[in-house]
Amino acid sequence: MYTMDITHQRWMEKSFEYAEDALSSKEVPVGCILVYQGEEVIGVGRNEVNETKNAARHAEIVAIDQVLSWCVLHQMNPEEVFGQTVLYVTVEPCVMCAGALRQVGIPLVVYGCANDRFGGCGSVLSVNMDELPALGPSFQCISGVMGDKAVAMLKDFYRLENTNAPDGKRKIKGTD
C-alpha cells in the first residue's frame, strides 16, 4: 500500500491544475508535470485531443514535447535529463503514453487513479515493466496519489455531453 509522501502530494496538486484546465476546455481531465532533479518543472501537459483533433495529444506527450524543447534551449542531452525526471500525472498513462515514457527513459511515474480501459502501467497492460528492451528501460510507478480527486474529475467530465465526439459516438445525456 502507498504511503503518502508530502513531496508527491505537492507535485500532484500542481498536475491537477492542468487537469482542471483540460476539464474547463472540454477535454478528458488529465494533467501532468515533469519534474527535473526533484525541484524544477520542465514540462507540463494536459489533454489536447479534442482541441487539436489529434488523438496522440495526450497530456504526457505534450509534456514530453516541452521537455525536448527545454533540452534544446538549455543545450542539454534529453536522455540524461529524462533519466533524472519524474512524471506526475492525474491518471495512469495509457499504453501509448507508457511506451513513449519508456522511449524517453523516465524512471518513475506517480499517478492518481487507474485507467481501467487503456492503462499501460498495470491496469490493462504492464508496458512500464514488460520485457521489451526495444522500448527502452522499464520504469517504476507509484499509484493512488490523490486518486479520489482524479476519479471525481473523470466522473464530472463523463457526466457532460462530449460535443467534440463524432456524431455516432456522442452520448446525449438523458437519452440513455
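Y36 stands opposite E40 in β2. The model is predicted: local features need pLDDT of at least 70, side-chain atom pairs count only at pLDDT 80 or more, and totals for chains, interfaces and linings use all residues. Residues are numbered from 1 along each chain as its sequence is written, and side-chain values use heavy atoms, without hydrogens or water.

**Chain overview**
- Six helices and five strands make up the elements of the chain. These are DSSP runs, numbered from the N terminus: H or I over at least four residues for helices, E over at least two for strands.
- Read from the N terminus, their order is α-β-β-α-α-α-β-α-β-β-α.
- The chain has 176 residues, and 45% of them count as buried. Buried means under 20% relative accessible area, exposed over 50%, and partly exposed in between, with a 1.4 Å probe and protein chains only.
- Take the contacts between residues at least 6 apart in sequence: 58% join residues at least 24 apart. Contact means heavy atoms within 4.5 Å.

**The sheet**
- The order β2-β1-β3-β4-β5 describes an open sheet of five strands with mixed pairing.
- β2 (40-46) and β5 (140-142) are the edge strands; each has a single partner strand, so one side of each lacks a neighbour in the sheet.
- On average, neighbouring strands of this sheet are turned by 20 degrees against each other, direction ignored.
- β1 (residues 31-36) pairs with β2 in the antiparallel sense, over six bridges. Two strands pair if DSSP finds at least two bridges between them.

**Helices on the sheet**
- α3 (residues 59-73) lies across β1, β2 and β3 (85-91), and runs at about 140 degrees to β2. Axes are lines fitted to C-alpha atoms, for helices over the stretch in contact; angles run from 0 to 180 degrees between N-to-C directions.
- α6 (residues 147-159) also packs on the sheet and touches β3 and β4 (108-113). The directions of α6 and β4 make about 60 degrees.

**Helix α3 in detail**
- α3 has 15 residues and reaches 21 Å from its first C-alpha to its last, close to the expected 21 Å. The expected span is 1.5 Å times one less than the number of residues.
- Among the buried residues of α3 are I61, V62, I64, V67, W70 and C71.
- The buried residues of α3 pack against β1, β2, α4 (78-82), β3 and α5 (95-104).
- Q75 follows α3 and has a positive phi, near 50 degrees.
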